[in-house]
Amino acid sequence: MADPSLLAGAATSPMVRDVAAGLAQPQKTLSSKYFYDRHGSELFERITMLPEYYPTRTERAILTAQAPALMRTLRPATLVELGAGSAAKTRLILDAMRATGAAREYVPLDVSASFLADTATRLRADYPGLRVTPVAADFTARIPLPPDVSRPLLIAFLGSTIGNFDSADATRLLRRIRATLHAHDRLLLGVDLRKDVRRLEAAYNDSQGVTAQFNLNVLTVLNRELGTDFDIGDFEHRATYNREMHRMEMHLVSRRAQTVNLPGAGSFRLARGESVRTEISCKYDRPAVERMFAMAGLHLDQWLTDRNDDFALAVAAPDPSAA
């Protein structure tokens with residue numbers, strides 16, 4: 001187990017402390033933010049195109065149908081996107097913004113600086129006249145905006161990434177977003193809705209095994225960045241639905257009893273069959289989203305869904321009474 005005296009050392013990095021704290025829990029965990037190195041980001045882009053993975057194409061369909069009218073109503077000058085990735089769906093919003101004549105700037109925030117730089121280069125070429133200001137940052141810790149950003153803002157948090165946070169952490173993140181919003185700014189939040197468990201589990205256990213590669217890649221990231229000695233072949237991917245918590249859970253299951261070393265924080269034992277939880281993906285209904293917004297000082301302004309109610313885009317406005 002971890003040595004507390006090592007964890008308290010000034011030389012121990014925040015990432016080491018975070019990983020060590022997760023591995024010291026009775027249910028070992030790793031933050032899903034460590035998935036997204038360059039290779040992990042590329043794997044996730046492949047996941048979004050798999051036949052079993054409905055959220056991306058469904059969210060895209062909602063944006064295709066609703067973005068023009070939504071942008072005419074909101075008329076944002078700046079789009080800020082959290083977890084921008086390749087910005088594939090973002091183009092639907094940018095096109096609709098540009099059609100209003102109000103679009104001035106796009107601010108993509110993502111933890112993967114190199115992936116973000118590639119995205120920014122493509123967008124500058126495709127949207128001349130639009131200022132593209134990429135920000136490499138962990139938006140779960142802070143949301144840094146350019147000092148001269150034009151308002152009104154539309155902060156987009158798409159892909160139901162909010163589902164990767166438990167209730168307390170999701171509320172903290174939404175409060176952080178709320179703190180950046182002025183009266184006429186809005187949040188556009190993608191949320192995956194509750195549905196048949198078989199469809200949910202199929203989406204996280206694709207037949208091509210891409211999700212398994214994506215899940216295992218987090219161990220490659222830790223080995224490279226922190227010098228851990230995870231043997232990738234000693235773990236297998238598992239994804240199941242937690243009915244009580246209304247969420248999918250991804251785990252890496254240890255195939256044998258083993259010890260993993262984390263330089264600067266000691267070693268961690270895993271029993272055969274013990275798992276490390278790498279991601280949760282909460283599923284929502286409208287009342288759950290409204291409660292989450294209320295706890296963060298926001299209120300639901302618009303609720304946009306597909307015909308099958310598989311996915312929703314929730315538009316949130318700051319609640320002045322909660323300022």
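**Exercise 1. Identify the elements against which the buried residues of α5 pack, and list those residues.**

Solution. The buried residues of helix α5 pack against α4, β2 (78-82), β3 (105-110), α6, β6 and β7. Contact here means heavy atoms within 4.5 Å. Helices (H or I, at least four residues) and strands (E, at least two) are DSSP runs, numbered from the N terminus. The coordinates are a predicted model, in which local features need pLDDT of at least 70, side-chain atom pairs count only at pLDDT 80 or more, and totals for chains, interfaces and linings use all residues. Residues are numbered from 1 along each chain as its sequence is written, and side-chain values use heavy atoms, with hydrogens and water left out.

Next, the residues themselves: T90, L92, I93, L94, A96, M97 and T100 of α5 are buried. Buried means under 20% relative accessible area, exposed over 50%, and partly exposed in between (1.4 Å probe, protein chains only). Finally, α5 is followed by G101, whose phi is positive, near 80°.

**Exercise 2. Determine how α5 and α6 pack, and which residues meet.**

Solution. Step one is the geometry: helix α5 (residues 90-100) and α6 pack at an angle of about 30°, their axes being 13 Å apart. That makes α5 roughly parallel to α6. Angles under 35 degrees count as roughly parallel, over 145 as roughly antiparallel, 65 to 115 as roughly perpendicular and the rest as oblique. Axes are lines fitted to C-alpha atoms, for helices over the stretch in contact, and angles run from 0 to 180 degrees between N-to-C directions.

Step two is the contact: R91, L94 and R98 in α5 meet R122, L123 and D126 in α6. These residues divide into two nonpolar, no polar and four charged. Ala, Val, Leu, Ile, Met, Phe, Trp, Tyr, Cys and Pro count as nonpolar, Asp, Glu, Lys and Arg as charged, and the others, Gly among them, as polar.

**Exercise 3. Examine the backbone at P152, S160 and H246.**

Solution. Most residues other than glycine have a negative phi, and most peptide bonds are trans. R151 and P152 are joined by a cis peptide bond, with omega about 10°; P152 lies in the loop between β5 (135-136) and β6. S160, in the loop between β6 and α7 (167-180), has a positive phi of about 55°. S160 is buried, at 5% relative accessible area. H246, in the loop between β8 and β9 (247-254), has a positive phi near 55°. H246 is partly exposed, at 31%.
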